[in-house]
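Here is my notebook from an afternoon of looking things up, entry by entry. Have the viewer open alongside and check me as you go.

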Amino acid sequence: MLKKKDQYVVAVVGATGAVGQEMVEVLQERKFPVKELRLFASERTAGETLTFQDRSLTVQLLTKDAFTGVDIALFSAGEEVSREYAPVAVSAGAVVIDNSAEWRMKPDVPLVVPEVNPEAAFRHHGIIANPNCSTIQMVVALKPLHDAARIKRIVVSSYQSVSGTGKEAMDELIDQTRALMSFQEAVCHVYPFQIAFNLLPQIGAFDARGYSSEETKLVNETRKIMGDDRIRISATTVRVPVFRAHSESVNIETERKLSADEARALLATAPGVMVFDDPQRKVYPMPLEVAGTDEVYVGRIREDASIESGLNLWVVADNLRKGAALNAVQIAEKLIQAAS
Ligand SMILES: NC(=O)c1ccc[n+]([C@@H]2O[C@H](COP(=O)([O-])OP(=O)(O)OC[C@H]3O[C@@H](n4cnc5c(N)ncnc54)[C@H](OP(=O)(O)O)[C@@H]3O)[C@@H](O)[C@H]2O)c1
(Lines give C-alpha, C1' and ligand atoms only; values in the text may rest on other atoms or scores of the structure.)
Protein backbone atom coordinates (compact mmCIF):
# COMPACT_ATOMS: atom_id res chain seq x y z
CA MET A 1 0.00 0.00 0.00
CA LEU A 2 1.19 3.49 -0.79
CA LYS A 3 2.31 5.59 2.20
CA LYS A 4 0.50 8.91 2.61
CA LYS A 5 2.71 11.86 1.68
CA ASP A 6 2.16 15.47 0.65
CA GLN A 7 4.07 14.86 -2.57
CA TYR A 8 5.42 11.80 -4.37
CA VAL A 9 8.48 10.83 -6.37
CA VAL A 10 7.14 9.74 -9.76
CA ALA A 11 9.01 7.95 -12.54
CA VAL A 12 7.87 7.78 -16.18
CA VAL A 13 9.51 4.92 -18.08
CA GLY A 14 9.24 5.48 -21.84
CA ALA A 15 8.91 9.22 -21.28
CA THR A 16 9.83 10.20 -24.84
CA GLY A 17 7.17 7.98 -26.43
CA ALA A 18 3.65 8.90 -27.57
CA VAL A 19 2.12 7.75 -24.26
CA GLY A 20 5.04 8.83 -22.04
CA GLN A 21 4.93 12.44 -23.25
CA GLU A 22 1.19 12.48 -22.68
CA MET A 23 1.74 11.16 -19.14
CA VAL A 24 4.03 14.07 -18.34
CA GLU A 25 1.39 16.48 -19.67
CA VAL A 26 -1.46 14.82 -17.78
CA LEU A 27 0.51 14.84 -14.49
CA GLN A 28 1.05 18.57 -14.95
CA GLU A 29 -2.50 19.40 -16.05
CA ARG A 30 -4.10 17.49 -13.16
CA LYS A 31 -1.68 19.01 -10.64
CA PHE A 32 -0.61 15.57 -9.45
CA PRO A 33 1.39 16.09 -6.22
CA VAL A 34 4.82 15.50 -7.71
CA LYS A 35 7.85 16.07 -5.51
CA GLU A 36 10.28 14.89 -8.15
CA LEU A 37 9.67 13.62 -11.68
CA ARG A 38 12.21 11.19 -13.13
CA LEU A 39 12.05 10.49 -16.85
CA PHE A 40 13.54 7.36 -18.44
CA ALA A 41 14.02 6.02 -21.97
CA SER A 42 16.56 3.96 -23.91
CA GLU A 43 19.92 5.19 -25.26
CA ARG A 44 18.05 6.38 -28.39
CA THR A 45 16.50 9.39 -26.65
CA ALA A 46 18.22 9.57 -23.24
CA GLY A 47 19.66 13.08 -22.93
CA GLU A 48 16.65 14.75 -24.59
CA THR A 49 14.73 17.23 -22.48
CA LEU A 50 11.02 17.50 -21.66
CA THR A 51 9.25 20.36 -19.92
CA PHE A 52 7.35 19.79 -16.68
CA GLN A 53 5.94 22.67 -14.60
CA ASP A 54 8.09 25.18 -16.52
CA ARG A 55 11.23 23.19 -15.72
CA SER A 56 13.34 21.44 -18.31
CA LEU A 57 14.03 17.82 -17.27
CA THR A 58 16.65 15.61 -18.88
CA VAL A 59 15.57 12.11 -19.87
CA GLN A 60 17.83 9.51 -18.28
CA LEU A 61 18.90 6.09 -19.48
CA LEU A 62 16.83 3.37 -17.79
CA THR A 63 18.97 1.26 -15.47
CA LYS A 64 18.27 -1.18 -12.66
CA ASP A 65 19.03 1.43 -9.97
CA ALA A 66 16.63 4.00 -11.48
CA PHE A 67 13.89 3.36 -8.92
CA THR A 68 15.57 4.10 -5.60
CA GLY A 69 13.21 6.41 -3.70
CA VAL A 70 10.46 6.24 -6.36
CA ASP A 71 6.89 6.01 -4.99
CA ILE A 72 4.96 5.58 -8.25
CA ALA A 73 6.41 4.32 -11.55
CA LEU A 74 4.36 4.79 -14.71
CA PHE A 75 5.60 2.38 -17.39
CA SER A 76 4.96 2.80 -21.13
CA ALA A 77 7.98 1.35 -22.88
CA GLY A 78 6.65 -1.96 -24.20
CA GLU A 79 6.33 -5.48 -22.87
CA GLU A 80 10.01 -6.41 -22.68
CA VAL A 81 10.91 -3.36 -20.59
CA SER A 82 7.94 -4.01 -18.29
CA ARG A 83 8.83 -7.68 -17.90
CA GLU A 84 12.40 -6.83 -16.91
CA TYR A 85 12.05 -3.60 -14.97
CA ALA A 86 8.61 -3.61 -13.30
CA PRO A 87 9.69 -6.22 -10.71
CA VAL A 88 12.88 -4.18 -10.12
CA ALA A 89 10.79 -1.07 -9.41
CA VAL A 90 8.50 -3.03 -7.06
CA SER A 91 11.51 -4.42 -5.15
CA ALA A 92 12.74 -0.84 -4.73
CA GLY A 93 9.41 0.03 -3.07
CA ALA A 94 7.49 1.63 -5.96
CA VAL A 95 3.95 0.89 -7.09
CA VAL A 96 4.05 0.25 -10.85
CA ILE A 97 1.21 1.24 -13.18
CA ASP A 98 2.01 -0.54 -16.42
CA ASN A 99 0.69 0.33 -19.87
CA SER A 100 2.04 -2.70 -21.70
CA ALA A 101 0.22 -6.00 -22.21
CA GLU A 102 2.84 -7.85 -20.14
CA TRP A 103 0.97 -8.15 -16.81
CA ARG A 104 -2.66 -7.50 -17.77
CA MET A 105 -4.01 -11.05 -17.74
CA LYS A 106 -1.96 -12.33 -14.77
CA PRO A 107 -4.55 -13.41 -12.16
CA ASP A 108 -2.89 -11.55 -9.27
CA VAL A 109 -2.42 -8.29 -11.21
CA PRO A 110 -5.42 -5.93 -11.16
CA LEU A 111 -6.51 -4.54 -14.53
CA VAL A 112 -8.12 -1.24 -13.75
CA VAL A 113 -10.37 1.39 -15.30
CA PRO A 114 -11.26 3.79 -12.48
CA GLU A 115 -14.83 4.40 -13.74
CA VAL A 116 -15.49 0.65 -13.92
CA ASN A 117 -13.59 -1.34 -11.27
CA PRO A 118 -11.71 1.14 -9.04
CA GLU A 119 -11.74 -1.22 -6.05
CA ALA A 120 -9.50 -3.69 -7.92
CA ALA A 121 -6.61 -1.20 -7.75
CA PHE A 122 -6.28 -1.76 -3.99
CA ARG A 123 -5.70 -5.50 -4.40
CA HIS A 124 -2.32 -5.01 -6.07
CA HIS A 125 0.94 -6.68 -5.10
CA GLY A 126 3.09 -3.91 -6.53
CA ILE A 127 1.93 -3.91 -10.17
CA ILE A 128 -1.34 -2.54 -11.53
CA ALA A 129 -2.04 -3.01 -15.24
CA ASN A 130 -3.55 -0.35 -17.47
CA PRO A 131 -5.78 -1.99 -20.09
CA ASN A 132 -5.45 -1.79 -23.85
CA CYS A 133 -6.69 1.51 -25.33
CA SER A 134 -9.53 -0.05 -27.35
CA THR A 135 -10.73 -1.94 -24.25
CA ILE A 136 -10.74 1.08 -21.94
CA GLN A 137 -13.10 3.22 -24.01
CA MET A 138 -15.49 0.33 -24.64
CA VAL A 139 -15.84 -0.69 -20.98
CA VAL A 140 -16.33 2.92 -19.82
CA ALA A 141 -19.28 3.17 -22.23
CA LEU A 142 -20.70 -0.31 -21.54
CA LYS A 143 -20.43 -0.60 -17.75
CA PRO A 144 -23.55 1.51 -16.99
CA LEU A 145 -25.55 -0.50 -19.55
CA HIS A 146 -24.24 -3.79 -18.15
CA ASP A 147 -25.21 -2.77 -14.61
CA ALA A 148 -28.71 -1.83 -15.77
CA ALA A 149 -29.52 -4.66 -18.15
CA ARG A 150 -26.68 -7.25 -18.17
CA ILE A 151 -24.89 -7.46 -21.48
CA LYS A 152 -24.96 -11.00 -22.87
CA ARG A 153 -23.04 -10.41 -26.09
CA ILE A 154 -20.85 -7.71 -27.66
CA VAL A 155 -19.88 -7.43 -31.32
CA VAL A 156 -17.31 -4.68 -31.80
CA SER A 157 -15.42 -3.34 -34.81
CA SER A 158 -12.69 -0.79 -34.16
CA TYR A 159 -11.22 2.02 -36.24
CA GLN A 160 -7.90 2.65 -34.48
CA SER A 161 -5.61 5.61 -35.01
CA VAL A 162 -1.91 5.32 -35.81
CA SER A 163 -0.85 6.92 -32.49
CA GLY A 164 -1.95 3.62 -30.93
CA THR A 165 1.20 2.13 -32.49
CA GLY A 166 3.44 4.90 -31.12
CA LYS A 167 5.33 7.93 -32.33
CA GLU A 168 7.07 6.22 -35.28
CA ALA A 169 3.71 5.24 -36.75
CA MET A 170 2.51 8.85 -36.57
CA ASP A 171 5.65 9.90 -38.47
CA GLU A 172 5.00 7.15 -41.03
CA LEU A 173 1.50 8.48 -41.77
CA ILE A 174 2.90 12.01 -42.21
CA ASP A 175 5.78 10.83 -44.43
CA GLN A 176 3.59 8.62 -46.61
CA THR A 177 0.94 11.33 -47.05
CA ARG A 178 3.60 13.88 -47.98
CA ALA A 179 5.26 11.45 -50.43
CA LEU A 180 2.01 10.43 -52.12
CA MET A 181 0.83 14.03 -52.48
CA SER A 182 4.17 14.74 -54.24
CA PHE A 183 3.67 11.76 -56.62
CA GLN A 184 6.41 9.76 -54.87
CA GLU A 185 6.26 6.25 -53.46
CA ALA A 186 5.11 5.59 -49.91
CA VAL A 187 7.76 3.82 -47.83
CA CYS A 188 6.59 1.33 -45.16
CA HIS A 189 8.68 0.82 -42.00
CA VAL A 190 6.20 0.38 -39.17
CA TYR A 191 3.20 -1.22 -40.89
CA PRO A 192 3.43 -4.07 -43.44
CA PHE A 193 1.37 -2.03 -45.95
CA GLN A 194 0.77 1.61 -46.80
CA ILE A 195 -1.41 3.18 -44.08
CA ALA A 196 -2.01 6.55 -45.80
CA PHE A 197 -5.32 6.47 -47.73
CA ASN A 198 -5.78 2.84 -46.65
CA LEU A 199 -7.17 0.59 -43.88
CA LEU A 200 -5.31 -2.35 -42.36
CA PRO A 201 -7.50 -5.14 -40.95
CA GLN A 202 -4.66 -6.39 -38.74
CA ILE A 203 -3.52 -5.11 -35.35
CA GLY A 204 -0.93 -7.46 -33.86
CA ALA A 205 -0.18 -11.06 -34.83
CA PHE A 206 -2.88 -13.55 -35.86
CA ASP A 207 -3.54 -16.72 -33.85
CA ALA A 208 -4.47 -20.12 -35.27
CA ARG A 209 -8.18 -19.18 -35.28
CA GLY A 210 -7.45 -16.10 -37.39
CA TYR A 211 -7.95 -13.50 -34.64
CA SER A 212 -5.39 -10.73 -34.12
CA SER A 213 -3.78 -10.15 -30.71
CA GLU A 214 -5.66 -6.83 -30.43
CA GLU A 215 -8.97 -8.66 -30.92
CA THR A 216 -8.06 -11.22 -28.26
CA LYS A 217 -7.07 -8.43 -25.84
CA LEU A 218 -10.47 -6.75 -26.31
CA VAL A 219 -12.25 -10.01 -25.47
CA ASN A 220 -10.17 -11.13 -22.47
CA GLU A 221 -9.56 -7.72 -20.91
CA THR A 222 -13.23 -6.70 -21.14
CA ARG A 223 -14.29 -9.82 -19.24
CA LYS A 224 -11.61 -9.31 -16.59
CA ILE A 225 -12.44 -5.64 -15.98
CA MET A 226 -16.22 -6.15 -16.01
CA GLY A 227 -15.74 -9.19 -13.72
CA ASP A 228 -18.10 -11.26 -15.88
CA ASP A 229 -16.79 -14.25 -17.85
CA ARG A 230 -20.24 -14.97 -19.26
CA ILE A 231 -20.18 -12.03 -21.70
CA ARG A 232 -19.68 -13.35 -25.22
CA ILE A 233 -17.54 -11.00 -27.29
CA SER A 234 -16.58 -10.92 -30.95
CA ALA A 235 -14.08 -8.30 -32.14
CA THR A 236 -12.64 -7.06 -35.43
CA THR A 237 -9.89 -4.45 -35.08
CA VAL A 238 -8.75 -2.20 -37.91
CA ARG A 239 -5.99 0.42 -38.20
CA VAL A 240 -7.13 3.60 -39.97
CA PRO A 241 -5.19 6.64 -41.24
CA VAL A 242 -6.27 8.88 -38.34
CA PHE A 243 -3.66 10.41 -36.03
CA ARG A 244 -5.42 10.36 -32.69
CA ALA A 245 -8.55 8.86 -31.10
CA HIS A 246 -9.96 5.39 -31.67
CA SER A 247 -13.55 4.82 -32.82
CA GLU A 248 -15.64 1.72 -32.24
CA SER A 249 -18.90 0.45 -33.65
CA VAL A 250 -20.35 -1.55 -30.76
CA ASN A 251 -23.40 -3.82 -30.92
CA ILE A 252 -24.70 -5.26 -27.66
CA GLU A 253 -27.37 -7.79 -26.76
CA THR A 254 -28.80 -7.39 -23.26
CA GLU A 255 -30.76 -9.67 -20.93
CA ARG A 256 -33.32 -6.93 -20.19
CA LYS A 257 -34.48 -4.75 -23.04
CA LEU A 258 -33.06 -1.21 -22.98
CA SER A 259 -34.60 1.45 -25.18
CA ALA A 260 -32.27 3.91 -26.90
CA ASP A 261 -33.68 6.67 -24.67
CA GLU A 262 -33.01 4.63 -21.53
CA ALA A 263 -29.45 3.96 -22.68
CA ARG A 264 -28.95 7.65 -23.48
CA ALA A 265 -30.20 8.61 -19.99
CA LEU A 266 -27.94 6.05 -18.28
CA LEU A 267 -24.91 7.21 -20.24
CA ALA A 268 -25.67 10.90 -19.66
CA THR A 269 -24.93 10.50 -15.94
CA ALA A 270 -22.17 7.88 -16.24
CA PRO A 271 -18.70 8.91 -15.03
CA GLY A 272 -16.25 9.73 -17.81
CA VAL A 273 -18.89 9.50 -20.54
CA MET A 274 -20.10 12.29 -22.81
CA VAL A 275 -23.25 11.62 -24.82
CA PHE A 276 -22.94 13.32 -28.18
CA ASP A 277 -25.98 12.06 -29.97
CA ASP A 278 -28.29 14.13 -32.14
CA PRO A 279 -27.94 12.66 -35.63
CA GLN A 280 -30.64 14.87 -37.17
CA ARG A 281 -28.41 17.85 -36.35
CA LYS A 282 -25.28 15.93 -37.41
CA VAL A 283 -24.13 15.57 -33.83
CA TYR A 284 -22.01 12.44 -33.36
CA PRO A 285 -18.46 11.95 -32.08
CA MET A 286 -15.57 12.02 -34.54
CA PRO A 287 -11.86 11.47 -33.87
CA LEU A 288 -10.84 14.96 -35.00
CA GLU A 289 -12.88 16.69 -32.31
CA VAL A 290 -12.39 14.05 -29.61
CA ALA A 291 -8.57 14.13 -29.91
CA GLY A 292 -7.04 15.90 -26.92
CA THR A 293 -10.09 15.44 -24.66
CA ASP A 294 -10.55 13.23 -21.61
CA GLU A 295 -14.03 11.73 -21.95
CA VAL A 296 -15.36 8.69 -23.78
CA TYR A 297 -17.85 10.03 -26.33
CA VAL A 298 -20.92 8.00 -27.27
CA GLY A 299 -23.27 8.71 -30.16
CA ARG A 300 -25.43 6.99 -32.81
CA ILE A 301 -27.32 5.22 -29.99
CA ARG A 302 -30.07 3.17 -31.59
CA GLU A 303 -32.03 -0.02 -31.03
CA ASP A 304 -30.96 -3.05 -33.02
CA ALA A 305 -34.10 -4.08 -34.91
CA SER A 306 -32.62 -7.48 -35.80
CA ILE A 307 -32.81 -8.85 -32.24
CA GLU A 308 -35.20 -8.65 -29.26
CA SER A 309 -32.94 -6.66 -26.90
CA GLY A 310 -30.03 -4.98 -28.57
CA LEU A 311 -28.39 -1.61 -29.11
CA ASN A 312 -25.87 -0.10 -31.50
CA LEU A 313 -23.41 2.54 -30.28
CA TRP A 314 -20.56 4.57 -31.75
CA VAL A 315 -17.81 5.11 -29.17
CA VAL A 316 -14.84 7.47 -29.63
CA ALA A 317 -12.03 8.39 -27.21
CA ASP A 318 -8.47 9.72 -27.34
CA ASN A 319 -6.29 6.61 -27.15
CA LEU A 320 -3.28 8.49 -25.78
CA ARG A 321 -5.32 10.12 -22.99
CA LYS A 322 -8.20 7.97 -21.68
CA GLY A 323 -6.81 4.97 -23.58
CA ALA A 324 -3.41 5.22 -21.87
CA ALA A 325 -1.87 8.18 -20.00
CA LEU A 326 -4.98 9.63 -18.34
CA ASN A 327 -6.26 6.23 -17.19
CA ALA A 328 -2.84 5.49 -15.63
CA VAL A 329 -2.73 8.83 -13.81
CA GLN A 330 -6.34 8.35 -12.63
CA ILE A 331 -5.28 5.01 -11.11
CA ALA A 332 -2.40 6.78 -9.36
CA GLU A 333 -4.87 9.39 -8.06
CA LYS A 334 -7.04 6.60 -6.57
CA LEU A 335 -3.95 5.21 -4.83
CA ILE A 336 -2.93 8.52 -3.29
CA GLN A 337 -6.51 9.27 -2.19
CA ALA A 338 -6.53 5.96 -0.29
CA ALA A 339 -2.92 6.21 0.99
CA SER A 340 -2.51 6.01 4.75
N1 LIG B 1 -0.07 4.46 -28.01
C2 LIG B 1 -1.15 4.07 -27.38
O3 LIG B 1 -2.29 4.50 -27.67
C4 LIG B 1 -1.07 3.06 -26.26
C5 LIG B 1 -2.20 2.79 -25.53
C6 LIG B 1 -2.14 1.88 -24.50
C7 LIG B 1 -0.96 1.25 -24.24
N8 LIG B 1 0.15 1.51 -24.97
C9 LIG B 1 1.39 0.84 -24.62
O10 LIG B 1 2.32 1.78 -24.10
C11 LIG B 1 3.65 1.40 -24.45
C12 LIG B 1 4.33 2.54 -25.17
O13 LIG B 1 3.60 2.89 -26.32
P14 LIG B 1 3.89 4.20 -27.17
O15 LIG B 1 2.78 4.25 -28.13
O16 LIG B 1 4.16 5.36 -26.29
O17 LIG B 1 5.25 3.78 -27.94
P18 LIG B 1 6.42 4.74 -28.51
O19 LIG B 1 5.88 6.02 -28.97
O20 LIG B 1 7.16 3.89 -29.48
O21 LIG B 1 7.35 5.02 -27.24
C22 LIG B 1 8.10 4.00 -26.61
C23 LIG B 1 8.88 4.59 -25.46
O24 LIG B 1 9.53 3.53 -24.77
C25 LIG B 1 10.93 3.81 -24.70
N26 LIG B 1 11.73 2.59 -24.74
C27 LIG B 1 11.76 1.66 -25.72
N28 LIG B 1 12.64 0.69 -25.42
C29 LIG B 1 13.19 1.04 -24.24
C30 LIG B 1 14.18 0.45 -23.40
N31 LIG B 1 14.79 -0.70 -23.72
N32 LIG B 1 14.50 1.07 -22.25
C33 LIG B 1 13.91 2.24 -21.90
N34 LIG B 1 12.96 2.84 -22.65
C35 LIG B 1 12.61 2.25 -23.80
C36 LIG B 1 11.18 4.68 -25.92
O37 LIG B 1 12.38 5.39 -25.75
P38 LIG B 1 13.46 5.45 -26.96
O39 LIG B 1 12.81 6.19 -28.07
O40 LIG B 1 14.60 6.14 -26.30
O41 LIG B 1 13.78 4.03 -27.32
C42 LIG B 1 9.95 5.58 -25.88
O43 LIG B 1 10.12 6.58 -24.91
C44 LIG B 1 3.51 0.11 -25.25
O45 LIG B 1 3.64 -0.97 -24.37
C46 LIG B 1 2.11 0.19 -25.79
O47 LIG B 1 1.57 -1.09 -26.07
C48 LIG B 1 0.13 2.41 -25.97
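Which residue in β14 does glutamate 253 stand opposite? I looked it up, and the residue is glycine 310.

Before going further, I note that this is a predicted model, in which local features need pLDDT of at least 70 and side-chain atom pairs count only at pLDDT 80 or more, while totals for chains, interfaces and linings use all residues. Residues are numbered from 1 along each chain as its sequence is written.

**Entry: strand β11**

I stayed with glutamate 253 and looked at its other side, where arginine 153 stands opposite this residue of β11. Strand β9 (residues 151-160) pairs with β11 in the antiparallel sense over eight bridges. β11 is also joined to strand β14 (residues 310-317) by eight bridges, again running antiparallel. Two strands count as paired if DSSP finds at least two bridges between them. Strands (E, at least two residues) and helices (H or I, at least four) are DSSP runs, numbered from the N terminus.

I then asked why β11 (residues 246-254) is largely enclosed by the rest of the structure. Seven of its nine residues are buried, so that settles it. For burial I use C-beta atoms placed from the backbone: 20 or more others within 10 Å means buried, 12 or fewer means exposed, and in between is partly exposed.

**Entry: the six-stranded sheet**

I found an open sheet with parallel pairing, in the order β5-β2-β1-β6-β7-β8. β5 (60-61) and β8 (127-129) are at its edges with a single partner strand each, so one side of each has no neighbour in the sheet. β5 pairs with β2 in the parallel sense over two bridges. I picked out phenylalanine 40, whose bridge partner in β5 is glutamine 60.

**Entry: valine 13 and the core**

Phe40 turned up again among the contacts of valine 13, which also include Leu62, Ala73, Leu74 and Tyr85, leaving aside neighbours within four places in sequence. A contact here means C-beta atoms, placed from the backbone, within 7 Å. Val13, Ala73 and Leu74 have the most contacts inside the largest nonpolar core, which has 94 residues. Helix α3 (residues 133-149) gives the largest share of this core, nine residues. Such a core is a set of buried Ala, Val, Leu, Ile, Met, Phe, Trp, Tyr and Cys residues joined through C-beta atoms within 7 Å.

**Entry: two domains**

The domain assignment gives domain 1 (8-131 + 324-338) and domain 2 (135-319); such bounds come from an automatic or database assignment. Their centres, taken over C-alpha atoms, are separated by 25 Å. The contact takes 14 residues from domain 1 and 20 residues from domain 2. On the domain 1 side, α8 gives the most, with three residues.

**Entry: around the ligand**

Which residues come nearest to the ligand? Of the 29 around it, I noted Gly14, Gly17, Thr45, Ala77 and Gly166. Near means a C-beta atom, placed from the backbone, within 6 Å. α1 gives the most to this shell, with three residues. At least three residues of the shell come from each of domain 1 and domain 2.

**Entry: glycine 299**

My last stop was glycine 299, in strand β13 (residues 296-303). Glycine 299 has 21 C-beta neighbours inside 10 Å, so this residue counts as buried. Tryptophan 314 is 15 residues away along the chain, yet its C-alpha atom and that of glycine 299 are separated by 5.2 Å.

Note on methods:
Two residues are in contact if their C-beta atoms, placed from the backbone, lie within 7 Å.
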